[in-house]
Amino acid sequence: MHYGNIFSLLKKKFGHEWELYTKHAFVKKLSNNTLLIENFLDYLVQDYLFLIQFSKAWSLAIVKADNLAEMKSCSNTVNGLINFEIDLHIKLCQEYGISAEILNNANEKNKNIAYTRFVLESGYSGDFLDLLATLIPCVIGYAEIGTNLKNSNPSNTMYKTWIQTYSGEEYQNISKQVGILFDKAVETRLGKSFKKTYKWKRIQTKFKTATLLEIDFWEMALE
């Protein structure tokens, strides 16, 4: 699956980190049914809290955008997060007796705070590209994980639903559109010779840091 040229360049540059993220032990355990249910539920609660902040970051991207096409693309992603992905977490948690009230009163763990505030800070103090570079690893990473696990068949229906969500057409389409948005945003702002710019170095650093924070998020779920 192709999620854009800029993403492909960054994935290649940080292949080792990307592999540690998308093929993490948490992901493997989920696909082969050896993940403890309490680890998954803890992950779901933290990921719900993460997605609240992530939705704010994508909303900030609308403000940071330079044109209507970018605003629409970011708006579609916010809509997908708030009305699709977060909703999935609420439904899955409810099946195990974790109510919306419990979710909303849960405490964010430190690694969760570190990741989400890094993304938001990148948006507050930086520009559209700074923010996108930190958002991309999560969106496209989960799309890749979903594709990788598509043919696995865990007996736990909750794990199966999770895989189907991220391998499904709706989420895959969102991820492809985000990849296209990233390509156009880089070309519009930095031109065809973007690799020679100082900004490209900054984008690479932001992308790598966000990928490392994704690895930390999986680690947190297994602790």
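My entries on the salt bridges follow.

Before starting, I note that this is a predicted model, in which local features need pLDDT of at least 70 and side-chain atom pairs count only at pLDDT 80 or more, while totals for chains, interfaces and linings use all residues. Residues are numbered from 1 along each chain as its sequence is written, and side-chain values use heavy atoms, with hydrogens and water left out.

Entry one. I looked up the total and found 13 salt bridges, each being a side-chain nitrogen of Lys or Arg within 4 Å of a carboxyl oxygen of Asp or Glu.

Entry two. I looked up R189 and E70, whose side chains form a salt bridge with N and O 2.7 Å apart. Because R189 belongs to helix α10 (residues 169-190) and E70 to helix α5 (residues 68-95), this pair ties together parts that are 119 residues apart in sequence; helices here are DSSP runs of H or I with at least four residues, numbered from the N terminus. E70 is buried at 5% relative accessible area, whereas R189 is partly exposed at 25% (buried means under 20%, exposed over 50%, partly exposed in between, with a 1.4 Å probe and protein chains only).

I then turned to D130 and K199, which form a salt bridge with their closest N and O atoms 2.8 Å apart. D130 lies in helix α8 (residues 128-149) and K199 in helix α11, so the pair ties together parts 69 residues apart in sequence. D130 is buried, with a relative accessible area of 2%, and K199 is buried as well, at 15%.

Entry four. I also noted that a network of salt bridges links D127, D130, K199 and R202.

Note on methods
Helices (H or I, at least four residues) and strands (E, at least two) are DSSP runs, numbered from the N terminus.
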